There are 2 protein chains.
Amino acid sequence: MAETGSAAATDLPLKRPRDDGEKEANNNNNGSVLMEMDSNKQPDCISSVIPGWFSEISPMWPGEAHSLKVEKILFQGKSDYQNVMVFQSSTYGKVLILDGVIQLTERDECAYQEMITHLPLCSIPNPKKVLVIGGGDGGVLREVSRHSSVEKIDICEIDKMVVDVSKQFFPDVAVGFEDPRVTLHIGDGVAFLKAVPEGTYDAVIVDSSDPIGPAQELFEKPFFESVAKALRPGGVVSTQAESIWLHMHIIEDIVANCRQIFKGSVNYAWTTVPTYPSGVIGFMLCSTEGPPVDFKHPVNPIDADDSNCNSSKGPLKFYNSEIHTAAFCLPTFAKKVIESKNEKI
Amino acid sequence: MAETGSAAATDLPLKRPRDDGEKEANNNNNGSVLMEMDSNKQPDCISSVIPGWFSEISPMWPGEAHSLKVEKILFQGKSDYQNVMVFQSSTYGKVLILDGVIQLTERDECAYQEMITHLPLCSIPNPKKVLVIGGGDGGVLREVSRHSSVEKIDICEIDKMVVDVSKQFFPDVAVGFEDPRVTLHIGDGVAFLKAVPEGTYDAVIVDSSDPIGPAQELFEKPFFESVAKALRPGGVVSTQAESIWLHMHIIEDIVANCRQIFKGSVNYAWTTVPTYPSGVIGFMLCSTEGPPVDFKHPVNPIDADDSNCNSSKGPLKFYNSEIHTAAFCLPTFAKKVIESKNEKI
């Protein structure tokens, strides 16, 4: 989930202190990582320290925190958009942190990258033109490039530092940039999409951070309208859509928006990612009016034993056709809410 | 996952300090919960403090910790088997901790209790006699009692303090004890099973803690042999079977053991539980030789709109027939390992 969103993050309403410079990631004497916040302004954000550990605390998941033991801080920088940090953890490999939030770990990134990519691309025959919004770490590109039918892959990432850091510290993720079909655009995904000629893409993948901060626009109706316009009839979009355990109120709104805008299919799927809050992450899978798309029954399988998996990208670790279909089966508490917004699910 | 196992916990090999009194749960002045461990003897267990928070650190999941914000400590005690603690968390309701490990929270207990119970009971027609090993909080009983075909429910829990604490602090979980079909046996589950006449039960549910400490025997071959003997032909067992992200080496052994002992079906299923390490928990679902059991296609559905859900137990929150089938779909990395042990999955 690399950061993306408006080119001018400061123009957006800010609901948490991730973009206002109130906190800094520091490496103190004993190697612990302190994410200091102004407790007067952010009563939900207390200082969090397990000595030698990184703790992820946010008003997006109040009252809980996941912590990883830090072996060594490898990089700390501040881009025009966010704080960027990379550390070597003791058991999850290298970890990429943006504004205090875990974006990926080497150990479990496969689940997110493979599912957000293959859920849409395996649901349509012969995808040719694919757009990735965000995804600056390159992991989604790596997965898109497994599809031999794809001829052109555009990616629009707002923060060049994410791309550079990923190429330096996460070569097995950033390998996606090496595909000759890829064109990297550094810039605002919202503006990029508005300039795209109607019906350009077979698939759009929105690999965004959370909807509070610079990525907020990526969860709103005008953005989804731009996505729908950029897709061909029967084209598909996959967007990061938060956790059923933590964010049903956000998911409810996204589903309602998508139902208004996407006249084909509108579905919610989810998967396990241990280092994301509550251990799960969801995706909205939608298609535009045109040839019907049945997301639950993939027509374009790509499984671990496919020959295209034996390259420098390594084999698929997580995705297979069975887990594709299973991802659309929701716990009753989530199903009830989502079905109430979407009679077709 | 209430604690159970050998009656004499000190007879078992101890691999972590949960049973040797080296640590104590303390409520210090500012309300924070300290789980102090002897760092000389347990190098992986560092002292963990976020002021006002409970942090779960264990050699079973090295290098990571999940923390919950504590509003108030409600109970702290030491039984013959373990330290027992209950606290009010700020966002997950009341929480039950045994030996420093989260057993249940009011917010997400539905996922574990419903899945470990209905995966086996919905897979056979008309279950009549059910045995629960462990499960002293009563949540599995609550779920078993939704099945109107059931005539007799035995439960063998080693630690009476778990039962008493659950009745006092978790009435919506312990409601399971109120069913007149339930008989509670306080004692060693291993010994109880050995004394059961052959072929007594239609289903056995093993709601155990982790395999290091008093529950260790519940993951070993002699215990599975006792379970198989206690089941009727074509009877089913469901056991807590750890996390695909953290414990594939343990799961591999369990699958190999079960394949030797259970001559019907042997399957692994999993579900999401945010407050368990890595956010998932798995189950072994096995059947004895006899009428064949196809766990993936439940023959005895119990869904949220069933009339038996409108009682004091409240409706099903998590389980439905779709998520039953989906639970058996594994990520590729887990599928490969499990299939290598079990050609029939």
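A residue is called buried if its relative accessible area is under 20%, exposed if over 50%, and partly exposed in between, using a 1.4 Å probe and protein chains only. By this rule, B:Tyr112 and B:Tyr276 are both buried. The structure is a predicted model, in which local features need pLDDT of at least 70 and side-chain atom pairs count only at pLDDT 80 or more, while totals for chains, interfaces and linings use all residues. Residues are numbered from 1 along each chain as its sequence is written, chains are lettered from A and ligands numbered from 1 in the order in which they are written, and side-chain values use heavy atoms, with hydrogens and water left out.

**Chain A as a whole**

- Chain A contains 9 helices and 14 strands; these elements are DSSP runs, numbered from the N terminus, with helices (H or I) of at least four residues and strands (E) of at least two.
- Of its 345 residues, 66% count as buried.
- Contact means heavy atoms within 4.5 Å. Among the contacts in chain A with a separation of 6 or more, 68% are between residues 24 or more positions apart.

**A:Thr91**

- A:Thr91 is found in the loop between β5 (83–89) and β6 (94–98) of chain A.
- Its relative accessibility is 23%, so A:Thr91 counts as partly exposed.
- Apart from neighbours within four places in sequence, A:Thr91 is in contact with A:Arg107 and also with B:Pro62 and B:Gly63.
- A distance of 31 Å separates the C-alpha atoms of A:Thr91 and A:His147, which are 56 residues apart along the chain.

**Aromatic residues**

- Rings of Phe, Tyr and Trp (its six-membered ring) pair if their centres lie within 6.5 Å; planes under 30 degrees apart count as stacked, over 60 as edge-to-face and the rest as tilted.
- Over all chains, the whole structure holds 20 aromatic pairs.
- In one of them, the ring centres of B:Tyr112 and B:Tyr276 are 5.7 Å apart and the planes stand at 80°, so the pair is edge-to-face.
- This pair links distant parts of the chain, 164 residues apart: B:Tyr112 belongs to helix α1 (residues 109–121) of chain B, and B:Tyr276 to the loop between β13 (266–272) and β14 (280–287) of chain B.
- In chain A, one aromatic cluster is formed by A:Tyr112, A:Tyr276 and A:Phe283.

- Two packed helices are described by the angle between their axes and the distance between the axes.
- Axes are lines fitted to C-alpha atoms, for helices over the stretch in contact, and angles run from 0 to 180 degrees between N-to-C directions.
- α6(B) packs against helix α7 (residues 248–261) of chain B at an angle of about 40°, with the axes 10 Å apart.
- The two helices α6(B) and α7(B) are therefore oblique to each other; angles under 35 degrees count as roughly parallel, over 145 as roughly antiparallel, 65 to 115 as roughly perpendicular and the rest as oblique.
- B:Lys221, B:Phe224, B:Glu225 and B:Ala228 of α6(B) make the contact with B:Ile254, B:Asn257, B:Cys258, B:Gln260 and B:Ile261 of α7(B).

- B:Ser226 is part of helix α6 (residues 221–230) of chain B and, at 11% relative accessibility, counts as buried.
- Not counting residues up to four places away in sequence, B:Ser226 touches B:Leu193 and B:Lys194.
- B:Leu231 belongs to strand β12 (residues 231–240) of chain B and is buried, with a relative accessible area of 4%.
- The C-alpha atoms of B:Leu231 and B:Thr200 are 5.7 Å apart, although 31 residues separate them along the chain.
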